[in-house]
Amino acid sequence: MDLTPFLTQIFIGLYKGSLYWILALGLVLIFGVVRVINFAHATFYVTGSYMMYTFYMYTGNFILSLTMATLIAGALGVAFEVAVIRRVYKLETIYQLLATFAIALIFNEAQKLVWGKGVVYIPIPEALREGVSIGGVTLNYYMILIMVIGLLLFIIVILFMNNTIMGLRIRAVWRDPVMSEALGVSTRLIYTLVFFVGAALAGLGGALTVPLISVGPGLADYLIVTAFIVVVIAGLGSITGAYIISVLVGVLSSILVLITPELDIVILYMIAAFILLLRPQGLFGER
Amino acid sequence: MSVDRRGFIKTLGAGVVGLAVGAVLGWAAKPLEVREVTKTETVTVPGVVERKLPKATVKIGVLGIRSGLWSTYGEFIEQGARLAAEEINAKGGILGSRVELVFRDELADVVKQAKELVDVEGADFIIGIDSSGNAMKVGGIVSELGKILVVTHAATHRLTEELVYKEGKKLIFRSSVPVYQDGTLAAYIAKDLPVRKWAGINGDYEFGRVSWELFTKTLKALRPDVEFVVDQWPKFGTEDFTPFISALLASDAEALFTSIWAIELVTLQRQLTIMGGYKKFRAVISTLGYSMDVAYSLGTDYPTAELGTWVSARYMWPYPPTKANKDFVDRFKARWGRLPAYSAETTYSAIYMLKAALENAATLDPDILIKTLEGLVIMTPAGVRWIRPEDHQAIYEVPYGRIVHKGAEVPLLEDLKAVPAMLYYRHPPFT
Amino acid sequence: MSLSSRLKGLVNGNTVALLLLIAFLAIIPLTGHRFYMYIATLIMIMGMFAMGYNVLFGYVGLLSFGHGLFFGAGAYSTALFTLKVYSDPLVGVLITVPVALLTSIIVGVLTLKHGKVYFAILTLALSMIFWSALVKLRWLTGGTDGLVGIPKRGVFVDVSGPIVTYYFILAFFAVIMLGLYILNKSRYGLLLRALGANEDRLPFLGYSTFTLRMVALTISGTASALAGSLYAVFYSVVTPDVAYWTFGAEPLIMTLIGGPSYFLGPLIGALIFVPLTTVVARFAEYWMLLLGIALLAVILFFRGGLLGFLESLSRELKLGVYRRWRF
């Protein structure tokens with residue numbers, strides 16, 4: 001049996017998994033620390049995409065555009081936290097969820113006013129246009145770059161959380177916000193910071209994909225569903241779990257496309273439901 | 001396929017005659033001038049009452065996708081409708097009545113919108129509709145609306161074959177070619193290509209499924225030696241096709257068929273290029289590849305396969321090379337600054353179909369208008385349309401063409417291949 | 001308790017309002033205006049859906065994201081039954097009751113054992129599996145094109161005229177509303193609301209949380225499925241959209257608009273939501289933008305819904321009547 005097709009599917013799965021991870025990381029951070037399920041996460045992702053496109057059109061500089069897109073998405077996250085989320089922290093989960101949903105609706109339509117209804121994309125940077133060819137499939141260097149960035153993010157976040165004072169504070173708020181506040185940690189500042197990081201990560205993900213995925217208004221609504229599945233399977237609030245599950249879901253769904261093209265997405269839902277039935281807190285979650 | 005032979009020949013005959021008559025009429029003179037002559041005659045003959053419509057304004061409700069990711073398509077419908085209405089009104093309207101348009105978003109509960117258009121806005125006709133599911137929904141309640149519905153984009157064959165032909169919902173018409181274009185005609189193009197092994201990637205919803213079914217069935221009948229080695233079914237709204245593409249590339253297929261459209265097609269084509277699809281596939285058939293949103297988005301990046309990237313749509317601005325079409329394209333470009341998308345033409349022509357029927361019948365009575373529309377032959381930018389009486393489907397041909405780059409903003413077409421519409425459309429009794 | 005005092009207990013602000021509303025709905029066809037009839041029908045169907053939804057949300061405090069599953073199960077069982085088995089709208093609607101009971105029990109067994117957050121996520125997952133099945137089982141469901149030609153004329157009843165359809169739906173609406181009202185006033189209704197208010201205390205009193213939640217889910221699912229079934233008869237067409245989670249979220253939005261802690265809250269919500277979206281959709285493409293802004297405004301400023309707002313208003317003005325509208 002020729003295993004090359006499986007290898008290429010695994011490779012593609014790793015790339016897709018890395019994308020899910022960049023989105024899931026923001027979701028996990030925001031849920032873990034701020035305890036808000038953020039439906040508007042896709043909004044930050046698309047904002048990153050559009051900003052990347054806009055800056056690239058004006059400057060033609062890939063790195064500069066990527067930085068700006070990430071920062072602007074982060075700034076939008078802060079604005080969102082200050083203007084809306086702060087007012088619903090004390091409410092039931094359902095109201096927080098609906099508030100983020102409302103924001104997503106508003107932004108989707110507002111983006112159409114700015115960038116029009118059509119789709120946009122930018123070219124892959126010159127140096128990364130080629131790739132390795134295995135069994136007729138070109139595995140593009142740019143996809144490899146996305147995997148590397150995903151892995152780097154994982155290492156950075158883990159190091160940051162475990163080895164810095166700020167990381168310690170965030171973990172403290174994650175565990176027990178009331179006690180942390182009592183010990184002099186400004187939860188408000190931490191919340192805002194986490195929203196900045198989460199939104200910036202989503203923006204980074206969006207910006208990184210414009211050369212591969214054409215962006216249109218409301219595009220990431222579909223991508224975000226998979227990121228949610230990842231977070232749910234992993235357990236809301238586990239960073240390492242989110243990374244492992246992102247990659248697994250990416251690889252698994254990619255292989256399913258090859259072996260059961262009829263059922264790929266249904267199987268993913270079923271696995272998610274099955275895991276939840278057995279272990280509702282998720283595979284890596286704590287009760 | 002067990003076609004009733006006599007019925008088929010009869011229809012075929014009627015169609016050919018209809019198309020021929022229409023062609024002669026259409027090519028000899030612009031239809032607008034013909035009608036103005038008719039009008040002058042009726043006025044000057046003494047004792048004959050002037051032909052007028054019972055209302056000073058003919059109201060047309062236009063449905064399209066106006067929100068969300070596919071809202072460009074609602075815009076195309078709007079552009080076509082507006083251009084037609086502006087032209088007609090500038091020339092004195094329909095038998096003196098002005099045309100007024102009311103636009104609604106079909107994503108905001110299409111049945112509610114249709115009912116509101118008829119019952120509140122007082123629309124006399126409903127045209128448009130992008131999604132097949134929505135067309136079936138409005139088609140299902142058309143008798144309650146009591147107004148003529150002309151679908152100008154939704155491509156499900158079930159609208160005309162089941163609702164009109166089998167269930168007798170005679171108020172439904174369609175000005176655009178349905179899935180026959182994507183499934184059947186594509187097979188006629190594929191049979192002449194020197195490739196044997198085909199791959200398919202189509203949306204996991206009715207349109208994609210039926211396109212692939214018709215394509216494989218027809219091609220197998222035309223070329224028994226072909227094989228279909230792999231088929232992939234990304235769901236509606238797929239933003240990233242990479243796993244599907246690598247699964248396609250893992251097969252030994254030599255050519256690719258796809259009915260993916262709009263924003264998804266832009267991504268699919270780019271990712272195919274990036275992942276080496278155009279090194280592997282010697283030919284690519286993209287049934288909606290010359291939709292103008294895709295052509296503009298991809299522009300000079302539009303990939304070309306060794307044996308051609310064969311594309312089509314439900315109307316393509318370079319075809320037919322008639323004066324009527326050229327003038328339409330020029331007027332459209334002057335009005336909207338872009339080349340006409342296919343659903344702009346099909347909507348534009350739908351309004352002219354209604355105009356022709358209204359001028360013939362001089363009434364708003366749907367039953368009389370249905371009779372007038374059945375068998376109507378009319379010259380439109382896309383060529384002569386004949387409205388088949390049995391299923392109310394407008395019959396006209398749209399070719400496939402090969403993408404070429406000639407330094408223009410949008411890619412152009414070469415080797416246009418047309419097959420007579422009567423050959424590739426399905427025919428009553430649709431078994 | 002004697003019968004007369006029981007009857008007296010049933011008469012209050014809610015009964016009067018409900019009866020007035022049913023009477024009002026009953027005279028709408030007399031206007032002869034088809035669009036008003038259409039909007040009123042939608043209000044009835046979505047009202048049933050939302051009222052059914054609130055048995056779970058407002059009473060027991062369980063948030064379901066998968067109620068499109070019940071609505072879709074009702075719509076598709078009626079469509080399939082009338083098209084493939086027995087062509088009659090009345091039987092077609094009634095057949096949904098056993099289907100809904102079975103569906104509710106299956107869903108309940110799968111989802112009710114865990115906490116509230118997981119209930120929300122699991123119902124969402126189940127409804128998405130159901131939706132995928134509707135799309136994939138093309139030979140049975142017609143895929144995304146759906147099922148067309150659901151008969152209005154049958155062996156027992158003929159509801160093919162618009163006015164007959166209207167009263168057919170109104171009859172079911174009235175029966176379900178009164179049924180829900182009696183539930184609300186009954187001991188069981190009280191128990192369900194007690195469970196919603198404090199889920200830890202009821203087990204101490206000897207009640208099984210699981211059983212009570214199952215009862216609530218079954219009632220809620222059946223009412224939702226009946227709404228879906230009438231929707232199928234009304235439109236003569238069903239497509240998988242009705243089982244999609246965004247459609248299933250509509251009763252939630254309506255409930256929030258009306259006020260989840262009031263018996264009539266969801267119905268009031270439907271009464272506002274259905275005409276509002278109709279008007280807003282006239283501003284063409286930006287209706288979703290306006291919906292988002294409206295939703296945000298409700299969440300930030302009017303969390304008790306309209307009835308909650310009225311209650312606080314009447315408290316301010318010391319009118320003293322506000323308590324009557326609560327459950």
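What percentage of the 431 residues in chain B is made up of buried residues? The figure is 67%. Keep in mind throughout that this is a predicted model.

**Stop 1: chain B overall**

Select chain B. Its secondary structure comprises 17 helices and 15 strands. Now take the contacts in chain B between residues at least 6 apart in sequence. Of these, 73% join residues at least 24 apart.

**Stop 2: the five-stranded sheet**

Stay in chain B and show its strands β1 to β5. They form an open sheet in the order β2-β1-β3-β4-β5, paired in parallel. Find the edges next: β2 (98–105) and β5 (172–174) of chain B each pair on one side only. On average, neighbouring strands in this sheet are turned by 25° against each other, direction ignored.

Zoom in on residues 125–128 and 148–151 of chain B. These are strands β3 and β4, which run parallel and are joined by four bridges. For one of the partners, pick B:Gly128: across in β4(B), B:Val151 is its bridge partner.

**Stop 3: B:Thr184**

Move to residues 181–191 of chain B. Helix α8 of chain B spans them, and B:Thr184 lies in it. Is B:Thr184 buried or exposed? Its relative accessible area is 9%, so B:Thr184 counts as buried, the cut-off being under 20%. Set aside the neighbours within four places in sequence, and select what B:Thr184 touches. The contacts are B:Val179, B:Leu214, B:Thr218 and B:Tyr424.

**Stop 4: a hairpin in chain A**

Switch to chain A and select residues 131–134 and 137–140. Here β1(A) and β2(A) run antiparallel, with four bridges joining them. The two strands form a hairpin with two residues between them. Click on A:Gly135 in the turn: its phi is positive, about 55°. Then pair A:Ile134 with A:Val137, its bridge partner in β2(A).

Turn to the two faces of β2(A). In a regular strand, side chains alternate between the two faces of the sheet. On one side of β2(A) sit A:Val137 and A:Leu139. On the other are A:Thr138 and A:Asn140. Both faces are covered, and these four residues are all buried.

**Stop 5**

Rolling a probe the size of a water molecule over the atoms shows where empty space is left. A search of the whole structure returns eight cavities of 30 Å³ or more.

Which residues line the second largest cavity? From chain A, select A:Phe39, A:Leu97, A:Leu98 and A:Phe101. The lining has eight nonpolar residues, no polar and no charged.

**Stop 6: C:Ser229**

Finish in chain C, at helix α12 (residues 209–235), where C:Ser229 is found. C:Ser229 has 0% relative accessibility, and therefore counts as buried. Leave out neighbours within four places in sequence, and show its contacts. They are C:Gly74, C:Ala75, C:Thr78, C:Gly92, C:Val93 and C:Thr96.

Last, draw a C-alpha to C-alpha distance from C:Ser229 to C:Ile45. The pair is 9.4 Å apart in space and 184 residues apart in sequence.

Notes. Residues numbered from 1 in each chain as written. Chains lettered and ligands numbered in written order. Predicted model: local features only at pLDDT ≥ 70, side-chain atom pairs only at ≥ 80, totals over all residues. Heavy atoms only, no water. 1 Å grid on protein atoms, 1.4 Å probe; cavity = no way out; pocket = protein on both sides within 12 Å on 5 of 7 lines; lining within 4 Å. Points joined across faces, edges and corners; volume = space filled by probe spheres on them. Nonpolar A, V, L, I, M, F, W, Y, C, P; charged D, E, K, R; others polar. Buried < 20%, exposed > 50% of the residue type's maximum accessible area, 1.4 Å probe, protein only. Pairing = 2+ DSSP bridges. Axes fitted to C-alpha atoms, helices over the stretch in contact; angles between N-to-C directions. Contact = heavy atoms within 4.5 Å.
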